[in-house]
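Here is a short briefing to read alongside the model.

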Amino acid sequence: MSMSVASEPISPDNRTTMGLGAVLPLTAEVRGSHLFIGGVDMVELARAQGTALYVMDERHVRMQLGTYRTEMNAHGAVADVAYAGKAFTSVAMCRLVADEGCSLDVSSGGELAIARAARFPMERIIVHGNDKTPLELTEAIEAGVGLIVADSNEELDRIDAIATERGVRQQVLLRVTPGVHADTHSFIQTGQEDSKFGFSAHSGAALEAAIYALALPGVDLAGFHMHIGSQIFSLDPFVRAVEVMVDFMAQVRERTGFVARDFDCGGGLGIAYRPTGEPSTIAQYAELLVGTITRCCAVRDLSVPRIHVEPGRSVVADAGVTLYTVGSVKRLPGIRTYVAVDGGMTDNIRPALYGAVYEATVANRAGEPRGTVVSIAGKHCESGDILIRDASLQPVTDGDIICIFSTGAYCQTMSSNYNKQVRPGVVFVSDGTVRQVVRRETYDDLLSCEVY
Ligand SMILES: Cc1ncc(COP(=O)(O)O)c(C=O)c1O
């Protein structure tokens, strides 16, 4: 299958690596001609560990989690920060999250298994998913998770049955769709009426579900949850969604007398994938979110519930980069130049999935301005396997190390073995040291599920 590749000539932005600003991990610096992150030379690291390789700036991740905790608790409410493991998870990451005093949002039995292997405190786990299997619910309840977010009446029934059988009452939040459109890609909008997630507030389904849940002996209804989408820049949709949710909570109190103890606002804060992108800061988000909840609760004479947020992307995306080695440079005169690397849509599906954009630098020429325009192509059997179309980059040749920025979220966790590609490993870098936290897969890993 071929795709038209001809396009207008695009001029390079001539930015230096450090000119990429908000796109860079906290500790990024250029020493001589090489890119360093966490005090580690990315060129030496790539050559020593092999590529493709995910690299995570540990200080950056810790700073984001710490900032969330500080800011969310700076406005007079009690707030819990539950890192959304779907953005990036591993045993080491779970331990780091626990160490930073945060909770953890898991959205499958597999994510829960990773958290358990990390000995993550189960009472700080929030379980998600729009169709949790009976097995996943059983595992979660038996493990003693803090909260399960129920997405359907069938799920409420299952939680009730499993908990009752074990003589426990499971704390549950109901996922409510506030009917608000977030200004983001339609694939990652989740708060609108037409959604596979949750119960609609407007239609009355959420109120019915609350009445239903309150009557179930195995269910201890703790409150409500919303998540309106991901990569959201404008904070207005959060405000509108909170207003709907607090109205809804007042309605529930009127009908049933139940006052929510917990209100989970989900994740969604956007990040800069481009130096020109200007997402809201964690401080702005926290102030507006907590302020709006407090104001709306005061108007309706409701006590302010414990507030949870579930940030994923804004914790890890800009902390992570992916290193690749250039295999070939193909110049198509008058059309474009393809720079092929030893990874692609298997380690980062986002460009192919929803046209996500990224920035890159040649890690071994990081001091030079990005004076050419090329397209960075993956190695997989799809013409759409392009990691960056029209990337500004330094002059590049085979053997160079390319670093693509902002790949810390929804890349490793969305990776695949298409073309039987082995998945890259993950390293954490900090203070000049490298810590391997996920090893690169081997052909033996690929063969381990085969039945001969
Ligand atoms: C329920 C829930 N919470 C939190 C998140 C994390 O969102 P983000 O990574 O945009 O912060 C998601 C992501 O889709 C989600 O579905």
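How many helices and strands does the secondary structure of the chain come to? The count is 12 helices and 21 strands, where helices (H or I, at least four residues) and strands (E, at least two) are DSSP runs numbered from the N terminus. This is a predicted model, in which local features need pLDDT of at least 70, side-chain atom pairs count only at pLDDT 80 or more, and totals for chains, interfaces and linings use all residues. Residues are numbered from 1 along each chain as its sequence is written.

**Overall shape**
- Along the principal axes, the C-alpha atoms fill a box of roughly 70 × 55 × 45 Å.
- Of the 452 residues, 50% are buried (20 or more other C-beta atoms within 10 Å of a residue's own, with C-beta atoms placed from the backbone).

**Helix 3 (residues 91–99)**
- Met93, Cys94, Leu96 and Val97 are buried here.
- They lie on the same side of helix 3, because they cover an arc of only 160° around the axis (the arc of the directions from the helix axis to the C-beta atoms).
- Just after helix 3, Gly101 has a positive phi of about 80°.

**Helix 7 (residues 205–214)**
- Buried in this helix are Ala206, Leu207, Ala209, Ala210 and Ala213.
- These residues share one side of helix 7, since their arc around the axis is only 160°.

Conventions: A residue is buried if 20 or more other C-beta atoms lie within 10 Å of its own, exposed if 12 or fewer, and partly exposed in between; C-beta atoms are placed from the backbone.
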